[in-house]
Amino acid sequence: MSTVSTSTGDLPSGLPVPETEAGRRGLSHIRADPSRAVVALDYDGTLAPIVTDPGQAQAHPRAAPALRHLSGRLGGLAIITGRPAADVPRLGPFEDIPSLVVLGAYGNQRWQHGQLTLPADDPGIAQVRAELPTILAGAPSGTHLEDKGQAIAVHTRGCADPAAALAALRPVLTDLAERTGLLIEPGRMVLELRPGGMDKGAALRGLVAELGATSVLYAGDDLGDIAAFDAVDTLREQGMPGLCVCSGSAEVTALASRADLVVDGPAGVVALLSALAAALSS
Ligand SMILES: O=P(O)(O)OC[C@H]1O[C@H](O[C@H]2O[C@H](CO)[C@@H](O)[C@H](O)[C@H]2O)[C@H](O)[C@@H](O)[C@@H]1O
């Protein structure tokens, strides 16, 4: 599959045409009955361009207007992210998007209508927090620790050779995850230690069931989003039309071959959401 979908053109509405039959069916059902569709989106690399400092990752400027247009027209509008659930409404900023649900920490946390629901802390995280300063003492300059409260991420994007730094840290962080009963979640120049038992696929399936949705769209860019693509596949096998969208980048190529539609990063995702909002208004 090509990096960015252009070969099949656009529909008269401005919506790009998915490259697969299953994807075209998914999009067509969403357009036909949006009030029973769920649109779920990853945040970093999908709605927000990748930047070196995770604390500065604001959404693409046209993301909030597009989400606001979609809000209320869909059965469900969600962001499913590895970040703490409360971070995304603040960073977006998306606090004023009425029907938005944010499932954070890979589905372990929920933000909705300004209310936050968190699980109990995992004791393994406190142990990781205590041990990491010693473990990272010799790490390359630019290694950055992101303490997310209920998970801890080690970033190498700020290092001179981010990929080499990540590869060097992987064995010691994998060992730490095993000793503390946590799992290691790989991402774009990041390795995260987090509690298991949940992933973006389970989060998406749960939301679809909760809302009684009859069609689904999921857009993502990173390895943690593969579980959500798997969930769309499973739902399709069960008869529910669905669409997987890859926010394409040179950094991660694993999702493009799995997607029904590949767009050009967050700008492409936001263009797709804007076109969908326009199509649902007409
Ligand atoms: O599930 P997501 O919404 O995609 O979140 C995954 C991780 O995203 C963030 O890290 C990534 O974005 C940073 C800001 O652009 C970038 O500096 C970093 O290299 C990327 O890995 C976030 O910091 C993590 O906590 C999320 O788990």
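This is a predicted model: local features need pLDDT of at least 70, side-chain atom pairs count only at pLDDT 80 or more; totals for chains, interfaces and linings use all residues.
Two strands count as paired if DSSP finds at least two bridges between them.

Strand β2, residues 76-80, and strand β3, residues 100-104, run parallel and share four bridges. One of the contacts you can look up is alanine 78, whose bridge partner in β3 is valine 101. As background, strands of a sheet pair through backbone hydrogen bonds, either parallel or antiparallel.

Now the sheet around that pair.

Next, a hairpin. Strands β8, residues 183-187, and β9, residues 190-194, run antiparallel and are joined by five bridges. Proline 186 stands opposite leucine 191 in β9. How many residues lie between the two strands of the hairpin? Two. Methionine 189, in the turn, has a positive phi of about 55°.

Step back to the domains. The assignment gives domain 1 as 21-118 plus 198-281, and domain 2 as 123-194. Their C-alpha centres lie 26 Å apart. Across the boundary, 16 residues of domain 1 are in contact with 14 residues of domain 2. On the domain 1 side, the touching residues divide into eight nonpolar, five polar and three charged.

Last, the whole chain. There are eight helices and 12 strands. The radius of gyration is 19 Å, close to the 19 Å that the globule rule gives for 282 residues, so the chain is as compact as a globular protein of that length. Along the principal axes, the C-alpha atoms fill a box of roughly 60 × 35 × 35 Å. Buried residues make up 47% of the 282. And the contacts? Among those between residues at least 6 apart in sequence, 66% join residues at least 24 apart.

That's the tour. Questions, please.

Methods
Residues are numbered from 1 along each chain as its sequence is written. The radius of gyration is taken over C-alpha atoms; the globule rule is 2.2 Å times the number of residues to the power 0.38. A residue is buried if 20 or more other C-beta atoms lie within 10 Å of its own, exposed if 12 or fewer, and partly exposed in between; C-beta atoms are placed from the backbone. Two residues are in contact if their C-beta atoms, placed from the backbone, lie within 7 Å. Domain bounds come from an automatic or database domain assignment. Ala, Val, Leu, Ile, Met, Phe, Trp, Tyr, Cys and Pro count as nonpolar, Asp, Glu, Lys and Arg as charged, and the others, Gly among them, as polar.
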